[in-house]
Amino acid sequence: MSARIPSSDAPHRAGFACFVGRPNAGKSTLTNALVGTKVAITSNRPQTTRHTVRGIVHRPEAQLVLVDTPGLHKPRTLLGERLNDVVRAAWSEVDVIGFCLPADQKLGPGDRYIANELAGIKKTPKIAIVTKTDLVDSKQLAEQLIAIDQLSRELGFEWAEIVPVSAVGDTQVSLLADLLVPLLPESPPLYPEGDLTDEPEQVMVAELIREAALEGVRDELPHSIAVVVEEMIPREGRPENKPLLDVHVNVYIERSSQKGIIIGPKGARLKEVGVKSRKHIEALLGTPVFLDLHVKVAKDWQRDPKQLRKLGF
Ligand SMILES: Nc1nc2c(ncn2[C@@H]2O[C@H](COP(=O)(O)OP(=O)(O)OP(=O)(O)O)[C@@H](O)[C@H]2O)c(=O)[nH]1
Ligand SMILES: [Mg+2]
């Protein structure tokens with residue numbers, strides 16, 4: 001038995017904060033930085049995140065559950081529409097909304113569109129988070145802070161806070177948590193102590209493979225890739241001190257013409273994806289893994305309701 005003794009008389013708080021923003025704004029990187037471990041995959045391609053990912057920050061006096069969301073964007077496919085629905089569902093359910101705006105990019109129509117929608121959500125406090133501050137100088141940052149303040153005034157609401165952070169430079173990341181916690185309701189912890197996410201293992205494994213597959217592919221291909229873990233089974237007949245987990249995975253693309261790119265000359269690219277992701281998967285699962293990757297075509301899956309359902313959207 002262990003007793004949890006809060007450091008002061010302050011009541012324990014627990015609740016949900018979601019990060020929203022345009023694709024590539026740095027939401028997932030920030031989520032990982034706050035949790036202190038990788039719970040969400042990241043990449044320099046827009047629309048990396050495709051479902052809400054919960055990351056849990058534990059403190060003696062609070063439990064902050066972060067909800068990382070897909071980037072809100074102008075949808076061009078049914079998948080895009082579904083992802084935007086996921087974002088809207090997330091921000092309607094949380095205790096506080098964190099709107100992520102990159103410091104190194106002027107506010108654009110995409111940001112205004114999101115801010116306008118947020119203005120309509122009266123009951124939930126909204127924090128503006130200026131991300132990637134390591135990429136700008138203090139003058140640029142000051143200009144961005146003013147522009148963000150201006151934006152809410154134009155739309156007739158006020159930010160509860162405007163916080164500049166750098167997840168990569170670890171600047172003001174824990175301050176952000178300090179500012180989010182008081183906006184959560186009084187509540188006992190919602191998750192067991194030590195849990196950092198509620199993502200199922202199979203999903204995390206699939207995501208790590210997709211992250212490796214995204215690296216170095218260009219144009220439309222990142223959007224075309226989907227990864228499904230079909231099976232994870234311990235290899236039979238292994239000595240007890242030398243276990244091996246067989247992980248069977250399908251990597252889906254949309255057209256057979258994309259096969260060559262993902263597989264690479266003599267299978268070199270696919271092999272690289274396997275080697276890279278296997279390291280992360282073994283660290284996650286704590287066991288040696290045999291990764292069996294198959295590339296399959298799911299024709300135009302981003303636009304096909306049946307295929308989307310099969311792939312879990
Ligand atoms: N320099 C710098 N780069 C960052 C920072 N945070 C994120 N990035 C980079 O920005 C890119 C996008 O980061 P993500 O965290 O995947 O962005 P996201 O908002 O989750 O993107 P979607 O899931 O597509 O909506 C990646 O290349 C990150 O490495 C930061 O604090 N500083
Ligand atoms: Mg993301």
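These legends describe close-up views of one predicted model. Residues are numbered from 1 along each chain as its sequence is written, and chains are lettered from A and ligands numbered from 1 in the order in which they are written. Local features need pLDDT of at least 70, side-chain atom pairs count only at pLDDT 80 or more, and totals for chains, interfaces and linings use all residues; side-chain values use heavy atoms, with hydrogens and water left out.

**View 1. The two domains of the protein chain.** An automatic or database domain assignment divides the chain into domain 1 (13-183) and domain 2 (201-310). Their C-alpha centres are 29 Å apart. Contact, meaning heavy atoms within 4.5 Å, involves 16 residues from domain 1 and 20 residues from domain 2.

**View 2. The interface of domain 1 and domain 2.** Buried area is the accessible area (1.4 Å probe) that two parts lose on being put together, summed over both. Here the two domains bury about 1,600 Å², with 55% of it on carbon and sulfur atoms. On the domain 1 side, Ile-41, Arg-45 and Arg-50 lose the most area, together 37% of what that side buries. One salt bridge (a side-chain nitrogen of Lys or Arg within 4 Å of a carboxyl oxygen of Asp or Glu) is found across this interface.

View 3. Helices (H or I, at least four residues) and strands (E, at least two) are DSSP runs, numbered from the N terminus. Strands β5 (residues 126-131) and β6 (residues 161-164) pair in the parallel sense over four bridges; pairing requires that DSSP finds at least two bridges. Ile-129 has Val-163 in β6 as its bridge partner.

**View 4. The salt bridge of Arg-235 and Asp-246.** The side chains of Arg-235 and Asp-246 meet at 2.6 Å, N to O. Arg-235 sits in the loop between β7 (226-234) and β8 (245-253), and Asp-246 in strand β8, eleven residues apart. The structure holds 15 salt bridges. Another of them joins Glu-211 to Lys-38, with the closest N and O atoms 2.9 Å apart.
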